[in-house]
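Me: Please show me how to read the features of a model, giving the general idea and then the case at hand.

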Amino acid sequence: MRLVTCVGLLMVLPAIGLITKKEDLPINKIQVIGSHNSYKQAIDPALFKVFKSQDTTAANALDYEHIPMPAQLDLGLRNLEIDVYADEKGGKYAHPRGFEQVKGQPAFDQLGEMNAPGFKVLHVPDLDFRSSALTFKTALQQLKKWSLAHPDHTPVFITLEAKDDTIRSKEFTIPEVFTSKTFDQLDAVILENLGKEKVITPADIKGKYKTLEEAVLHENWPLLSKAKGKFIFVLDATGRK
């Protein structure tokens, strides 16, 4: 059973008086504050100026950035959203075409991480590609380092968007399609870089029930006291994914 689950999380507070101790709350009955595209850094001003001259509405929608994800967790956020792109051979997103469109932009990958095979973290190929964690591996290592420094933290919900939609323009890089094999590889990267002890898996929710759906319908979610120091991954996708 995959680590990344499509099961919807009902994040609501229980009626007053039903549960007296915070630590007794199951994790599907809490509210968390989070950010969208949590890894995102600003588009270089020169490239953004050109983009805005071509499409003001689209540019305004991308005109934001975030502080690094560990710093967001320091502020109390407990939901981060990460976009992942498959890059089986490596280098697919190492040379964004935005650099061809506007010369003189500062480098975005000083360590050459984008050349290695593996999942990459970015918003829009060739345009909105600057990230505080260029690879999914790096993102997970950042999260684990923060978690180890705060072992009693409340669970962190990671919303994952497996991106493979193609922008209808010959100027943009065409992403690799996510398959069953790709999702297995995604699971492997999570376990390798976080460790199973740091992840709440579908198997943990399923417990004694025959199916995950049955377990969820019986609200077989772990209590906050049992979920400290852990992460849960939620797949933001529809259809074939």
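The dialogue below goes through confidence, fold, cores and ring pairs.

Me: What kind of model is this, and which conventions apply?

Reply: This is a predicted model, in which local features need pLDDT of at least 70 and side-chain atom pairs count only at pLDDT 80 or more, while totals for chains, interfaces and linings use all residues. Residues are numbered from 1 along each chain as its sequence is written, and side-chain values use heavy atoms, with hydrogens and water left out.

Me: What does the chain average in pLDDT?

Reply: pLDDT is the predictor's confidence in each residue, from 0 to 100. The average over the chain is 90, and 90% of the residues score at least 70. Residues 5-20 stay under 50. For that stretch the model has 34 contacts (heavy atoms within 4.5 Å) beyond four places in sequence.

Me: How many helices and strands does the chain have?

Reply: Helices (H or I, at least four residues) and strands (E, at least two) are DSSP runs, numbered from the N terminus. Here there are nine helices and five strands, in the order β-α-α-α-β-α-β-α-β-α-α-α-α-β. Of the contacts with a separation of 6 or more, 75% join residues 24 or more positions apart.

Me: Which residues of α5 are buried?

Reply: Buried means under 20% relative accessible area, exposed over 50%, and partly exposed in between (1.4 Å probe, protein chains only). Buried residues make up 45% of the 241 in the chain. In α5 they are F136, T138, A139, L140, L143, W146 and S147. Their cover includes α3 (69-74), β2 (79-85), β3, β4, α6 and β5 (231-235). Helix α5 itself (residues 136-149) reaches 20 Å from its first C-alpha to its last. The expected span of a helix is 1.5 Å times one less than its number of residues, and α5, with 14 residues, is close to the 20 Å expected.

Me: Which residues of the largest nonpolar core touch the most other members?

Reply: A nonpolar core is a set of buried Ala, Val, Leu, Ile, Met, Phe, Trp, Tyr and Cys residues joined through side-chain atoms within 4.5 Å. The largest one has 29 residues, and I82, V84, F136, I158, L160, I190 and F233 touch the most other members. Two or more residues each come from α3, β2, α5, β4, α6 and β5. A second, separate core of 17 residues includes F51, F108, V124 and L127. Beyond four places in sequence, F136 touches residues including F119, V121, L186 and V189.

Me: Why is the pair of F119 and F178 stacked?

Reply: Rings of Phe, Tyr and Trp (its six-membered ring) pair if their centres lie within 6.5 Å; planes under 30 degrees apart count as stacked, over 60 as edge-to-face and the rest as tilted. The structure holds six aromatic pairs. In this one the centres are 6.1 Å apart and the planes lie at 25°, so F119 and F178 are stacked. The partners are 59 residues apart, with F119 in the loop between α4 (98-101) and β3 (120-121) and F178 in the loop between β4 (156-162) and α6 (180-194). F119 is buried at 8% relative accessibility, and F178 is buried at 4%. F178 also forms a tilted pair with F183, at 5.3 Å centre to centre and 45° between the planes. Elsewhere, ring pairs link F99, F108 and F129 into a cluster.

Me: Which ring does K40 lie over?

Reply: A charge sits over a ring if NZ of Lys or CZ of Arg is within 6 Å of the ring centre and within 35 degrees of the ring normal. K40 lies over the face of Y64, at 4.7 Å from the ring centre.
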